[in-house]
Amino acid sequence: MYPPQPPGGPYQGEPGPYPPGGPPPAPSMPGTAITVRVLMFVGGACGLLLGLLMWGVAGLAAGGGDAGREFLRGMQENGLPLTASEAGVFFGIMGLIPFVYGVLSIVLASLMGRRSAAILWTIVVFHILAALILLFSIVTGGFGAIVPLLFAIGMIVLMLLPITRAYYGLGTAGAAPPGPGAH
């Protein structure tokens, strides 16, 4: 019905709002955010596996078989005198902590492609809470939490760098404006 229109604006020869070929591509995720995203996926997978392992130990301890009795005997010799049901509950609850961390970490890492300030601040708060829990663990004698604490602090720093904040729509001086889809 209407003749085909040339590329560009509605009038012959007028440039359109975008260069030929469509709208400009959205800026790519900066390396700082990619690093945090990868670490969150890896940490989340480790949390899920550790939680499942702890639940397996809980089942073993509460199961009452030969292996469960041997496990309980070893725990009692090392100063943790628990019954089978107490050990099952203890390891079940202890498995919940890394499992929940793993699920939240993977969900947040999956959402990092959505460029909004809410995502950035949710990730920062998540890692602050994780760092506080790890710090408490270190203070109470769990020195194995030092490396995860350093990773949590590192991810907080990476998320608060100007290039990462600008990507998530929290513009800083000299940073490129956020692209389409920013809130």
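How are α1 and α3 oriented relative to each other? Select both helices (H or I runs of at least four residues in DSSP, numbered from the N terminus). α1 and α3 pack at about 165°, their axes 7 Å apart, and are therefore roughly antiparallel to each other. Axes here are lines fitted to C-alpha atoms over the stretch in contact, with angles from 0 to 180 degrees between N-to-C directions; under 35 degrees counts as roughly parallel, over 145 as roughly antiparallel, 65 to 115 as roughly perpendicular and the rest as oblique.

This is a predicted model, in which local features need pLDDT of at least 70 and side-chain atom pairs pLDDT 80 or more, while totals for chains, interfaces and linings use all residues. Residues are numbered from 1 along each chain as its sequence is written, and side-chain values use heavy atoms, without hydrogens and water.

Stay with the first pair. α1 passes α3 in a left-handed crossing (the near helix is turned anticlockwise from the far one by less than a right angle). The contact of α1 with α3 has 24 nonpolar, ten polar and one charged residues. Nonpolar covers Ala, Val, Leu, Ile, Met, Phe, Trp, Tyr, Cys and Pro, charged covers Asp, Glu, Lys and Arg, and the others, Gly among them, are polar.

On α3, show Y101, L104, S105, L108 and L111; on α4, show I119, T122, I123, F126, H127 and A130, which complete the contact (heavy atoms within 4.5 Å). These residues divide into eight nonpolar, three polar and no charged.

V57, L60 and A61 of α1 meet A67, G68, F71 and L72 of α2.

Last, select G47, P98, Y101, L134 and P148, which lie nearest the centre of the largest pocket, among 26 lining residues. At least two lining residues come from each of α1 (31-63), α3 (84-111), α4 (117-139) and α5 (146-160). The lining has 21 nonpolar, five polar and no charged residues.

Methods
1 Å grid on protein atoms, 1.4 Å probe; cavity = no way out; pocket = protein on both sides within 12 Å on 5 of 7 lines; lining within 4 Å.
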